[in-house]
Amino acid sequence: MKKCSSLVKKNDYDGEDRLPIDVPKGHFAVYVGENRTRYIVPISFLSHPEFQCLLHCAEEEFGFDHDMGITIPCEEFIFQSLTSVLR
């Protein structure tokens, strides 16, 4: 998991797929915590029930139909602890 220090600007996307250029293939960005810190996580996390629970909470609280990306509604230290055991 990679913590990103800054948000991607609109011109930092590739042309065709509209994916952020700093997100490697096989990964995706999520925003966590009160400060919406950006993390890059592997797609393999999607198969873990614990991560699926976080996504379910995100869907209930924020929905998935917005431009900013997936926002995980938990504190950063909880997210970091959970994702450290998923590796």
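Tutor: A residue is called buried when its relative accessible area is under 20%, exposed when over 50%, and partly exposed in between, with a 1.4 Å probe and protein chains only. Thr37, at 13% relative accessibility, therefore counts as buried. This is a predicted model, in which local features need pLDDT of at least 70, side-chain atom pairs count only at pLDDT 80 or more, and totals for chains, interfaces and linings use all residues. Residues are numbered from 1 along each chain as its sequence is written, and side-chain values use heavy atoms, with hydrogens and water left out.

Student: How many helices and strands are there in the chain?

Tutor: Helices (H or I, at least four residues) and strands (E, at least two) are DSSP runs, numbered from the N terminus. The chain has two helices and four strands, and their pattern along the sequence is β-β-β-α-β-α. Of its 87 residues, 33% count as buried.

Student: With which side chain does the side chain of Thr37 make a polar contact?

Tutor: A polar contact is a pair of N or O atoms within 3.5 Å; within protein, one must be able to donate a hydrogen and the other to accept it, and residues adjacent in sequence count only if both atoms are side-chain atoms. Thr37, found in strand 3, has such a side-chain contact with the side chain of Glu76, at 2.8 Å.

Student: Is Thr71 buried or exposed?

Tutor: Thr71 is buried, with a relative accessible area of 5%. This residue belongs to strand 4 (residues 70–72), and its side chain makes a polar contact with that of Arg36 (2.6 Å).

Student: Where is Leu46, and with which residues is Leu46 in contact?

Tutor: Contact means heavy atoms within 4.5 Å. Leu46 sits in the loop between strand 3 (37–42) and helix 1 (49–62). Its neighbours within four places in sequence left aside, Leu46 is in contact with Phe28, Phe51, Gln52 and Leu55. Leu46 is partly exposed, at a relative accessible area of 36%.

Student: At what angle do the axes of helix 1 and helix 2 cross?

Tutor: Axes are lines fitted to C-alpha atoms, for helices over the stretch in contact, and angles run from 0 to 180 degrees between N-to-C directions. The axes of helix 1 and helix 2 (residues 76–86) cross at roughly 145° and come within 10 Å. Glu50, Phe51 and Leu54 of helix 1 and Phe79, Leu82 and Leu86 of helix 2 make the contact.
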